Amino acid sequence: MGNSVVLKGNLLYSTQLNEITALPDHYLVCENGTVSGVFAQLPERFSGLELRDYGDRLIIPGLVDLHMHAPQYTYRGLGMDMELLDWLNVHTFPEEAKYADLDYAQRAYEIFVRDLARSATTRISLFATIHREATELLMELLERSRGVKALVGKLNMDRNSPDYLREASAAAAAEDTALWIAQTRGRFQNVAPIITPRFTPSCTDALMERLGRLQRETGVPVQSHLSENGSEIALVQELCPDTRNYGETYSRYGLFGGEGCPTIMAHCVHCPEEEIDAMQNNGVFVAICAQSNTNICSGVAPVRTYLNRKMRVGLGTDIAGGAHLSVFRAMVDAIQASNLRWRLLDDRLKPLSVAEAFYLGTKGGGAFFGKVGSFEEGYECDAVVLDDENLPHPQPMSLIERLERLVYLSDERNVYAKFVAGQAVDL
């Protein structure tokens with residue numbers, strides 16, 4: 001079958017937060033898209049499966065991106081000297097409005113989907129725009145490419161945005177979202193919807209209430225932003241004076257994790273203690289977006305606090321707040337930001353190690369999608385083969401050292417082969 005295969009090479013993967021398993025010259029067995037085991041010698045019972053021998057190359061789990069804005073891929077690298085709210089008004093809103101034109105959406109999303117397929121990312125959660133037709137188009141292009149398994153969100157915005165990018169009413173926005181879910185849920189093999197209020201400043205209470213009801217009716221997961229930037233938090237306090245914290249603007253409508261409501265909250269840079277408590281209790285996934293938080297002057301998330309509490313944490317590239325598609329780059333940014341936070345702000349919170357960042361970019365974020373992000377038996381078999389021949393070195397290195405160099409120096413040129421749930425991707 002197309003999604004049953006044996007991969008041979010140097011396997012590296014996480015089973016726990018602070019340790020990378022490195023198995024030289026091993027076999028990874030995938031049956032029907034699921035890992036059946038890793039072996040030093042291939043058992044006879046798997047001898048009938050297709051064998052792909054990658055020699056001395058490294059094979060790692062596919063990388064997981066918990067937070068990105070697909071329509072913003074067109075202007076990544078612009079406006080990185082602005083704060084969040086100004087950046088939204090100058091760059092984001094004018095660009096996202098263009099996706100009302102399906103011809104433009106087609107051209108832009110084709111570029112994005114092509115580059116995403118060539119990357120080391122195999123799972124991703126995406127924000128689209130308020131435009132239902134363009135969002136369905138993005139889902140169709142992702143399905144056709146088979147380069148990732150994706151959650152895609154049609155945005156909801158009915159206040160604090162320009163007239164040209166604001167839905168007519170809370171009722172209209174919720175009805176359009178309900179129609180979109182009905183038309184796309186179960187339609188694709190690799191793509192599914194996720195309910196997406198942009199963030200509290202752009203969504204009225206009436207819209208949040210309707211989206212909460214829709215979530216309970218459908219069970220579709222949720223994604224949004226939380227406590228990213230000081231000016232944003234101040235605006236939330238002004239708009240919602242009857243709430244104790246930003247998280248409560250979601251939780252009071254049932255959009256903040258808990259039973260039957262899988263939720264990703266991006267950034268979580270300035271969360272007060274009671275907000276962190278609620279995230280922990282409700283199993284909310286935190287998407288750490290270190291590069292974006294640096295670029296848009298938001299700060300550094302207290303990743304160690306979340307890890308010490310055994311919370312669910314992954315990484316996000318957050319294009320276009322972040323300028324790079326690579327989750328490897330997101331690992332490096334998370335490490336570097338945690339180094340600075342430890343040195344300059346709070347030396348009680350030790351910085352991330354490479355092993356921890358690798359875990360967050362694979363198994364940590366992968367848990368939102370189920371058993372994803374590792375080569376442990378029973379996990380979905382997402383795998384990326386990396387070729388580091390273009391990174392010569394004058395002396396032998398261990399597999400862990402080779403991986404560490406790839407984390408810091410890699411780009412899509414190092415991606416030699418890619419498998420999503422056992423299915424080979426055309427690069």
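Biologist: In which sense do β6 and strand β7 pair, and over how many bridges?

Modeller: Two strands count as paired if DSSP finds at least two bridges between them, and strands (E, at least two residues) and helices (H or I, at least four residues) are DSSP runs, numbered from the N terminus. Here β6 and strand β7 (residues 149-153) pair in the parallel sense over five bridges, and the bridge partner of Arg-123 is Lys-149 in β7. Before we go on, please keep in mind that this is a predicted model, in which local features need pLDDT of at least 70 and side-chain atom pairs count only at pLDDT 80 or more, while totals for chains, interfaces and linings use all residues. Residues are numbered from 1 along each chain as its sequence is written, and side-chain values use heavy atoms, with hydrogens and water left out.

Biologist: Which strand do five bridges join to β6, and how many residues of β6 are buried?

Modeller: Buried means under 20% relative accessible area, exposed means over 50%, and partly exposed lies in between (1.4 Å probe, protein chains only). Strand β5 (residues 63-69) is joined to β6 by five bridges, and these two strands run parallel, with His-69 having Phe-127 in β6 as its bridge partner. Strand β6 (residues 121-127) is mostly covered, since seven of its seven residues are buried.

Biologist: How should I read the order of strands in an open sheet, for instance the one formed by four strands?

Modeller: The order is given strand by strand across the sheet, and here it is β11-β12-β13-β14, with parallel pairing. The edge strands, each of which pairs on one side only, are β11 (222-226) and β14 (312-315). From one strand to the next, the twist averages 30 degrees. Within this sheet, strand β13 (residues 285-288) pairs with β14 in the parallel sense over four bridges, and Val-286 has Val-313 in β14 as its bridge partner.

Biologist: Which helix lies across β13 and β14, and at what angle to β14 does it run?

Modeller: For angles, axes are lines fitted to C-alpha atoms, for helices over the stretch in contact, and the angles run from 0 to 180 degrees between N-to-C directions. Helix α12 (residues 354-366) lies across β13 and β14, and runs at about 110 degrees to β14.

Biologist: What is the strand order in the open sheet of seven strands?

Modeller: That sheet has the order β3-β2-β1-β4-β15-β16-β17, and its pairing is mixed. Its edge strands are β3 (34-39) and β17 (423-424), each pairing on one side only. Helix α12 packs on this sheet as well, touching β1, β2 and β4 (51-61), and its direction makes about 115 degrees with that of β1. Strand β1 (residues 5-16) and strand β2 (residues 19-31) run antiparallel and are joined by 10 bridges, and Gln-16 stands opposite Glu-19 in β2. Five bridges also join β2 to β3, again running antiparallel, and Leu-28 has Val-38 in β3 as its bridge partner. In the hairpin of β2 and β3, which has two residues between the strands, Asn-32 takes a positive phi near 50 degrees.

Biologist: Why does Ser-14 count as buried, and which residues does Ser-14 touch?

Modeller: In a regular strand the side chains alternate between the two faces of the sheet. Ser-14 is found in strand β1, and Ser-14 counts as buried because its relative accessibility is 0%. Contact means heavy atoms within 4.5 Å. Not counting residues up to four places away in sequence, Ser-14 touches Glu-19, Ile-20, Phe-358, Tyr-359, Thr-362, Lys-363, Ser-374 and Glu-376.

Biologist: How do the axes of helix α11 and helix α13 cross?

Modeller: Angles under 35 degrees count as roughly parallel, over 145 as roughly antiparallel, 65 to 115 as roughly perpendicular and the rest as oblique. The axes of helix α11 (residues 327-345) and helix α13 (residues 399-409) come within 7 Å and cross at roughly 95 degrees, and α11 and α13 are therefore roughly perpendicular to each other. In this contact, Phe-328, Met-331, Val-332, Ile-335 and Gln-336 of α11 meet Leu-406, Val-407 and Tyr-408 of α13.

Biologist: Is Asp-333 buried or exposed?

Modeller: Asp-333, which is found in helix α11, counts as buried because its relative accessibility is 9%. Leaving aside its neighbours within four places in sequence, Asp-333 is in contact with Ala-290 and Gln-291.
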